[in-house]
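Visitor: I would like to learn how to read helix packing. Please take me through a case.

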Amino acid sequence: MKLWHIVLAISISLTSPIVQAAERLLTIGGAVTEIVYALGKGNEVIANDITSVYPEAALKLPKVGYMRTLSAEGLVSTNASMIIAEAGAGPRNVLDQVRGAGIKVVQLTDGSHTPQQVAADIRTIGKELNAANTEKLASQYEAAWKNAEDKLAALQGHPRVLFIMNNSGRGAQVAGDETAANAVIKLARGENVMAGQYKGYRPLTVEALVAAAPDVIVTTREGLEASGGLQNFLKTPGISMTPAGKAGRIISMDTQYLLGFTPRLPEAVTELAHAIRKP
Ligand code: HEM
């Protein structure tokens, strides 16, 4: 080897940046998936779960089932090098088993359903993946939320809202405290008619529905489709006896967009706030 070959080799090795090896990422939870793509790391994702419906590229990847009912075999069989999971993903022992099998598992810890949670999630995931645009994305999101919040503050009234979830095959469930639905209703400056009564979800009963007397009922697009469309939904026992049912004030929105606490939260809350105020 000639001297100039050696000099060239040394100077190339000194000037070339340290390239980080790409991960084989498994993203669990629609918000995690969305953030990973927004950080420009979508090309490193090899699989995700069934709540990962956005962006469209995420839909085409292999699925490991539902984020709340994961199985260790399903996760390990993807051959992922890193799993990033939402705070609500589990069961916990399954994620521990996968860690035991030597796969790096990063689980977000903040499940508070706040706009600030989304910014924190962007920063946590961005740091894990060494994404160059992390701070840009986080501050863009924060500015979008601030802008939405200022406009929401000018809206009149607090419509009385009942939220019905029907995605799980367990029948219609109504959102109480400490749910994502309760949080988005409050952010949209509505009042959850079930607030202060119970935590989580409870099956819909005619008595509770009639007593709650919501002005507007919010549900998911997927749930409305599962119940056979709006006309069938309106036939759900009790609904026609509420002010919302009588006036046909039923709103449906995409589950992940509305409840996922993703970077699209400012748009989702703004859309909900206007929809619940439509006469
Ligand atoms: C395999 C079918 C499914 C089952 C068995 C299921 C089950 C459940 C259960 C039990 C809860 C309530 C958790 C709690 O009480 O804290 C829940 C909440 C939720 N599910 Fe599912 N689900 C299914 C499919 C889906 C799909 C396909 C999506 C999204 C595209 C989804 C999105 C959500 C969201 C966003 C919540 C939180 C709602 C809130 O806190 O307001 N689920 N699910």
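Guide: Take helix H2 (residues 30-38) and helix H6 (residues 115-128), whose axes come within 10 Å and cross at roughly 60°. This is a predicted model, where local features need pLDDT of at least 70, side-chain atom pairs count only at pLDDT 80 or more, and totals for chains, interfaces and linings use all residues. Residues are numbered from 1 along each chain as its sequence is written.

Visitor: What are the axes and angles, and what counts as a helix?

Guide: Axes are lines fitted to C-alpha atoms, for helices over the stretch in contact, with angles from 0 to 180 degrees between N-to-C directions. Helices are DSSP runs (H or I, at least four residues), numbered from the N terminus.

Visitor: Which residues make the contact?

Guide: Contact requires C-beta atoms, placed from the backbone, within 7 Å. H2 supplies Ala 31, Val 32, Ile 35 and Val 36, and H6 supplies Asp 121, Ile 122 and Ile 125.

Visitor: Where is there another pair of helices to read?

Guide: Helix H7 (residues 134-152) and helix H14 (residues 265-275) have axes that come within 9 Å and cross at roughly 15°. That angle makes H7 roughly parallel to H14. On the H7 side the contact uses Ala 144, Trp 145, Ala 148, Lys 151 and Leu 152; on the H14 side, Leu 265, Pro 266, Val 269, Thr 270 and Ala 273.

Note on methods
Helices (H or I, at least four residues) and strands (E, at least two) are DSSP runs, numbered from the N terminus. Two residues are in contact if their C-beta atoms, placed from the backbone, lie within 7 Å. Angles under 35 degrees count as roughly parallel, over 145 as roughly antiparallel, 65 to 115 as roughly perpendicular and the rest as oblique.
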